[in-house]
Amino acid sequence: MRSQHHDKMRRLNHPWRAWYSTKEWQQIRAKQLRIEPNCRICAEAGVRTPADIVDHITRHRGDRALFFGGPFQSLCKACHDRTKQQAEKLGYSTKIGPDGLPSDPRHPFNR
């Protein structure tokens with residue numbers, strides 16, 4: 001479990017995190033989950049999983065216009081915390097296509 005100090009430091013280092021508590025974000029989130037109620041990554045794999053997170057497709061890095069303007073996608077917590085963040089960290093997706101090869105052209109195998 002995270003410590004209170006860790007949470008405080010995270011808020012100080014990322015002041016935009018407070019935007020998630022705004023009425024504007026709550027409205028955007030509700031609308032996105034109505035439009036796309038299932039996880040987009042799971043759907044690509046042929047699995048229907050309810051989404052509970054509205055993800056910023058383009059990393060906003062504190063840019064208010066990107067934060068509130070999107071683009072957005074709906075994801076389940078597992079895909080957001082694992083698949084999406086791994087792809088952001090690596091710079092490419094590790095998804096394997098139907099041919100058994102990495103499907104992301106940015107994957108080192110495809111270079």
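# A walk through the model

Start by selecting proline 71, which sits in the loop between helix H4 (64–69) and strand S2 (72–75). Helices here are DSSP runs of H or I with at least four residues, strands are E runs of at least two, and both are numbered from the N terminus. What you have open is a predicted model, where local features need pLDDT of at least 70, side-chain atom pairs count only at pLDDT 80 or more, and totals for chains, interfaces and linings use all residues. Residues are numbered from 1 along each chain as its sequence is written, and side-chain values use heavy atoms, with hydrogens and water left out.

The peptide bond joining glycine 70 to proline 71 is cis, with omega at about 15 degrees. Most peptide bonds are trans.

Next, jump to arginine 61, in the loop between strand S1 (53–56) and H4. Its phi is positive, about 50 degrees, even though arginine 61 is not a glycine. Most residues other than glycine have a negative phi. Is arginine 61 buried or exposed? With 66% relative accessibility, arginine 61 counts as exposed. (Buried is under 20% relative accessible area, exposed is over 50%, and partly exposed lies in between, using a 1.4 Å probe and protein chains only.)

Time for some charged pairs. Side chains of opposite charge can pair when their charged atoms come close. How many salt bridges does the structure hold? There are three. (A salt bridge means a side-chain nitrogen of Lys or Arg within 4 Å of a carboxyl oxygen of Asp or Glu.)

Pick glutamate 24 and arginine 64: their side chains form a salt bridge, 3.9 Å from N to O. This one links distant parts of the chain, with glutamate 24 in helix H2 (residues 23–35) and arginine 64 in helix H4, 40 residues apart. Glutamate 24 is partly exposed at 38%, and arginine 64 is partly exposed too, at 45%.

Then select glutamate 36 and arginine 40, whose side chains meet in a salt bridge at 2.8 Å, N to O. Glutamate 36 is buried, at 15% relative accessibility, while arginine 40 is partly exposed at 28%.

Last stop: lysine 77 and aspartate 81. The closest N and O atoms of this salt bridge are 2.4 Å apart. Because lysine 77 and aspartate 81 are four residues apart in helix H5 (residues 77–90), about one helical turn separates them. Lysine 77 is partly exposed at 48%, and aspartate 81 is partly exposed at 35%.
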